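We will go from stop to stop, selecting residues as we go.

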Amino acid sequence: MKIKEINISGIGCIHNLHLEFNDKMNIICGPNGIGKTTIIESVASMFMYGQPTIKRNVKDTKGSLHACVEIDGVINEKTIEVRSYIPNESENTSSFSDLASKIISIKVSRNFGYSKLEAIPSDRERNKLELWKEVRDGIKFDEVKGWFVNRYLYSAREGTLSQQQISNYLLAERCFSIINDKYSFSKVQGATNDIMVNTPQGEIYFEYLSSGFKSIIYLLFSTIKEIEFRFKEQNVLAEEFDGIILIDEVEIHLHPEWQEKIISILKETFPCAQFIVTTHSPHVIQTAEPNQVITLQLQDDNNISIRTDLKTSKYGFKGWTIEEILYDVMGMHTMRSEIYHRLINDFGKAIDEEDETTAKEIYNELDQLLHPKSSQRKLLNFQLAKISQA
């Protein structure tokens, strides 16, 4: 299953926006408040039954969503209307709600910490109401440790796990090395049920991993677990899951080095899934293939549209610098601080007026402000020397 396109009309801050999606990876970027999360929530709302998180635009009497979804090679189209605006006002919608199991939704709130396992939990069944709730509210991370420990212990007992469960557990084991090939799963402590991980610094508790590493592990583990629980009867393997994975702000908790890797990690772990993610990170965009980035912009009439003027080659944005992505893709008009611009403007004015004393004072401030290896010092020195010789 793949969502091919969606038309969002009168929802949140979006008046009218038509989106076409890549079958593999879709990275949505744009300024704060422009509607990135609204797009994620709109896609999710097409697959739930009950009260959606989306609300109509304040200026419209109703909003609507129209989506085209490919199911087993056939395009299906459905529409829902949203009249609610008040936060807790109830409203029922239903579209592709029978396909809720094929939607994995991961929200911005991704909390994780040490949890002591007093007992090994059993698998929890998912009914339709719980699935719709998970599509709306996002999947939870609190069962991840118990699920992994359960699979570790029972994998040693022949015949206790299905081939689906064994395959998913082995994929989860590999996730440590997928993230960083210098890391690997070690064991589960018998006395405490704690997960131990081999690292370049030695064997450590899973909870002692960096917040970025844990963030990715929880994201991967929780997705594997959800796929396994939802498709137990069909024996669908997590790495063969062909549904849609929605992730809001995919770079949360991640150092720029891992922001560059998160997209490839997701694609390697779930190669058959369709991803729709939002990001504020130029490092995430820098790894994108052609036609994978959806850049939103605010027009003069306050309508939101997709930028179509970004020209890329077969390499996408892989050859672009971070500064070029920030400026040309993400709409930042300056890469420098306010104090830098003020000093540069004052320096230029002093040079034009041949005010050597003031120019030297400003240069001394800029000398302390610039990067230690900035080549701009040579240019400033050259300008200062010209008026000193005059």
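## Stop one: helix H7

This is a predicted model. Select helix H7, residues 262-269. Color Ile262, Ile263, Ile265, Leu266 and Thr269: these residues of H7 are buried. Now look down the axis. The spacing follows from helix geometry: an α-helix has 3.6 residues a turn, so residues three or four places apart point the same way.

## Stop two: lysine 4 and its partners

Next, select lysine 4 in strand E1, residues 2-11. Is lysine 4 buried or partly exposed? Its relative accessible area is 23%, so lysine 4 counts as partly exposed, since buried means under 20%.

Aspartate 23 and lysine 4 form a salt bridge, with 2.9 Å between the closest N and O atoms. Aspartate 23 lies in the loop between strand E2 (14-20) and strand E3 (25-29), so its pairing with lysine 4 ties together parts that are 19 residues apart in sequence. Aspartate 23 is partly exposed, at 31% relative accessibility.

How many salt bridges does the structure hold? There are 20. One of them joins the side chains of arginine 307 and aspartate 309, at 3.1 Å from N to O. Aspartate 309 is partly exposed, with 47% relative accessibility.

Then select Glu134, Glu143, Lys225, Glu226 and Arg230 together. Salt bridges with shared partners join these five into one network.

## Stop four: a nonpolar surface patch

Switch to a surface view. Select Tyr327, Met332 and Met335. What do they form on the surface? They make a nonpolar patch, with about 290 Å² of accessible area together.

Finish on methionine 335. Look for it in the loop between helix H9 (322-329) and helix H10 (338-352). Methionine 335 has a relative accessible area of 36%, so it is partly exposed.

How values were computed:
Residues are numbered from 1 along each chain as its sequence is written. This is a predicted model: local features need pLDDT of at least 70, side-chain atom pairs count only at pLDDT 80 or more; totals for chains, interfaces and linings use all residues. Side-chain values use heavy atoms; hydrogens and water are left out. Patches are made of residues with over 30% relative accessible area and no salt bridge: like charges are joined within 9 Å, nonpolar side chains (Val, Leu, Ile, Met, Phe, Trp, Tyr) within 5 Å. Accessible areas come from the Shrake-Rupley method with a 1.4 Å probe; for residues, only the protein chains shown count as cover. A salt bridge is a side-chain nitrogen of Lys or Arg within 4 Å of a carboxyl oxygen of Asp or Glu. Helices (H or I, at least four residues) and strands (E, at least two) are DSSP runs, numbered from the N terminus. Buried means under 20% relative accessible area, exposed over 50%, partly exposed in between (1.4 Å probe, protein chains only).
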